[in-house]
Amino acid sequence: MRTILSMTLFAALLSGFGAVTVDAADLEKKKLQIFILAGQSNMVGHAHYITIPALLTAQEPGVTELAKLAFNEGGIAPGAARGQLETRIKRDKLNEALRTKKITGDDQITAAQEEVKKLQAEYDAGTGYEMAGIVWFQGFNDQFSPAFRDNYKNNMIAFVKDVRKEYQVPHMPFVIGVMGTSITKEEVDKNAVSVGQREAAAAAEFKGTVTSVESYPFYAVDAFEIFKKGWAQHLLEFSLVGSERPYHYMGSGKFFVRLGDALATAMVDLMKKTK
């Protein structure tokens, strides 16, 4: 399991912190909220699972509470976020097996279909669903193309409009993760892509419905320092906090969990404004 999530945790964080939860009595009246998590490789979340326990000893503000989502209290057993992820994976694998006819025999097919129903029991087809928001996080490769880099702001504004038009949600909440591979604020401020992302989010026409979230404050500097002195020569030390190159935010589970929290919090704030 090489990939963790910015953003598998994004969904868990939305519900885990009570951001969009509702009372059980109201659950049947609520449509299933669907969030689009899009971008490039860093939206996938390039972090090896072995780096996630760094949350348990990290000193950064708020990390203790985030660690509780990844681990049960008193041990390193996977917690709520892992449980939600495993449920989704199991459901998707069963659905794929049914679609590709890898499950055969009437009894076996029926059993698999019933299991899928159990795994998605919270969805009421009669009530339906709604496109609740989109989170966008990418940009590293765009900085090397003058056409992409210099037109990022305008392209991003057009993209937001296109997505909203496609799903017929004129004010769909839109969170833009600002590329932070430059690590420091001073360097990020010089990056045309990062600046374009900020400026697109700040466009007057998007007031209250689009926002940007900085990623550089969460950069895994500890992993970067080990990387600089030679990750191969310090492999054991590095593997506890990082698993990738700097452009993948060091493959730090701590980074992606913290960023996932920030993105989820920003989404919740937008949803409150656009109700």
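Visitor: Glutamate 115: buried, partly exposed or exposed?
Guide: Partly exposed, at 24% relative accessible area in this predicted model. The cut-off for buried is under 20%.

Visitor: Which residue does glutamate 115 form a salt bridge with?
Guide: Lysine 90, with the closest N and O atoms 3.3 Å apart. Lysine 90 sits in helix 4 (residues 80–99) and glutamate 115 in helix 5 (residues 106–119), so the bridge ties together parts 25 residues apart in sequence.

Visitor: And how accessible is lysine 90?
Guide: Its relative accessibility is 43%, so lysine 90 counts as partly exposed.

Visitor: Switching topic. How many salt bridges does a search of the whole structure find?
Guide: The search finds 12. One of them pairs lysine 254 with glutamate 60, closest N and O atoms 3.0 Å apart.

Visitor: Where do lysine 254 and glutamate 60 lie?
Guide: Lysine 254 is in helix 12 (residues 253–273). Glutamate 60 is in the loop between helix 2 (41–44) and helix 3 (63–70). The pair therefore links parts 194 residues apart in sequence.

Visitor: Is lysine 254 buried or exposed?
Guide: Buried, at 7% relative accessibility. Glutamate 60 is partly exposed at 26%.

Visitor: What about glutamate 225 and lysine 228, where are they?
Guide: Both lie in helix 10 (residues 221–230), three residues apart, about one turn of the helix. Lysine 228 is exposed at 51%, while glutamate 225 is partly exposed at 40%.

Visitor: Which residues do salt bridges with shared partners join into one network?
Guide: Lys185, Asp189, Arg198 and Glu214.

Conventions: Residues numbered from 1 in each chain as written. Predicted model: local features only at pLDDT ≥ 70, side-chain atom pairs only at ≥ 80, totals over all residues. Heavy atoms only, no water. Salt bridge = Lys/Arg side-chain N within 4 Å of Asp/Glu carboxyl O. Helix = DSSP H or I, 4+ residues; strand = E, 2+ residues; numbered from the N terminus. Buried < 20%, exposed > 50% of the residue type's maximum accessible area, 1.4 Å probe, protein only.
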